[in-house]
Amino acid sequence: MRALGQATLPDEVTKSAFGPRLQAAIATLSVRNRVSRRDASELSEQLFGARICAGTVDAILTRTADALGEPYADLLERVRQSDALNMDETGWKTAGERRALWGAFTDRHALLAVASDRHERHARALLSDSKAIVTSDRWWAYAHLPLARRQIGWSHLQRDFAARAEGLGPRRRSARWAPNSARRSLQHGRCLPPAPTAASSSLRSGPGREDVWHRVHAGKVERDRLLLALFAYAGLRRSELLGLDCDDVDLYRRLIRVRRAKGGRQRVVPIHPGLVPLFVAYAATRTPGDDPALFVGVLGRRLSPTILTTTFRRYATAAGVAKRKRVTPHTLRHVFATELLSAGANLRQIQELLGHKHLDSTQR
């Protein structure tokens, strides 16, 4: 009788029934494009004519992870050996559970890692024995780094200066000289100069309620009045309000086109007659610039959500409406819907004006 034996496959021959290109495509769909296992198996049949099940997709991803283990370790070592790197972290979801996505970037390499949270231990694990100078935000996970090896990103400093310039009396005076001084100091490698004596002494005095309507830059008062009025008289969401461009406002027909709406559901909202004078007053004093945004900050750029929230909270506190309960921009959206209902509008009309997808959201 002939004896049967089992030969060993050469190293260059894959042990899978699928080629490297198909496996790379499946891995890219699942990881880079975050396609579910079931959708990946369906796309495999539709695009490549290969019928695979969800379990096979998992097996392909496991083999891909094993194959990328050595290149990932080499990339991590190169990042750690860099003289300078940028780091950041953000929220992430894996299989529906909350995670954190960490990133370390040099001028030539980009490394991403998914961790359980944004704790300091993950920053330490990524850096290990690295001696690089790290540029990051002010998240506490980087506080373990010596000051000589830590820098704050210039974009974060610019946002801080803009926030101060949007503030009340004493704060805004220091913000006038800070951005230019910081920029010159960074260019020449020096520390920030001390604040002028008058500004330093004035920072210790708290602003009074009468300072709320003081003008910080041209058009700020008119801008803030229009912002608050649009929340109450147009029922816009915060993101929709910040996403408005000048071309979205038609005063002749008294219509606002909401293009950056939630879920991509664009709509047209009528302009209340009481808003027309506010639009005209703001247009006459708006900070000039190339940004098409309707609402801009002191730097002439589109207003940020942070500045909008801070501004709203300041006015709500000054008006005394935040003492009894928490008031947010979304509260005025509810006021808008309540006023429409009191005026005789039906739920379907209110749903269209609010941009809700389902009527149940309007009824709540």
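This is a predicted model: local features need pLDDT of at least 70, side-chain atom pairs count only at pLDDT 80 or more; totals for chains, interfaces and linings use all residues.
## Aromatic pairs

A pair of aromatic rings is described by the distance of the centres and the angle of the planes. The count for this model comes to four aromatic pairs. One of them joins Trp 102 and Tyr 142, whose ring centres lie 6.1 Å apart with 70° between the planes, an edge-to-face arrangement. Trp 102 belongs to strand β2 (residues 97–105), while Tyr 142 is in the loop between β4 (133–136) and β5 (150–152), so this contact ties together parts that are 40 residues apart in sequence. Trp 102 and Tyr 142 are both buried.

Phe 231 and Phe 312 also form a pair; their ring centres are 6.1 Å apart and their planes meet at 80°, so the arrangement is edge-to-face. This pair links distant parts of the chain, with Phe 231 in helix α8 (residues 220–234) and Phe 312 in helix α11 (residues 305–319), 81 residues apart. Phe 231 and Phe 312 are both buried.

## Charges over rings

Two arginine contacts with tryptophan rings are described here. The charged end of Arg 34 is placed over the ring of Trp 92, at 4.0 Å from the ring centre. Arg 118 lies over the face of Trp 139, and its distance from the ring centre is 3.9 Å.

## Val 31 in helix α1

Val 31 is part of helix α1, which covers residues 20–32. Its relative accessibility is 57%, and Val 31 therefore counts as exposed, because the cut-off for exposed is over 50%. From C-alpha to C-alpha, Val 31 is 8.7 Å from Leu 61 in space, and the two are 30 residues apart in sequence.

How values were computed
Residues are numbered from 1 along each chain as its sequence is written. Side-chain values use heavy atoms; hydrogens and water are left out. Helices (H or I, at least four residues) and strands (E, at least two) are DSSP runs, numbered from the N terminus. Buried means under 20% relative accessible area, exposed over 50%, partly exposed in between (1.4 Å probe, protein chains only). Rings of Phe, Tyr and Trp (its six-membered ring) pair if their centres lie within 6.5 Å; planes under 30 degrees apart count as stacked, over 60 as edge-to-face and the rest as tilted. A charge sits over a ring if NZ of Lys or CZ of Arg is within 6 Å of the ring centre and within 35 degrees of the ring normal.
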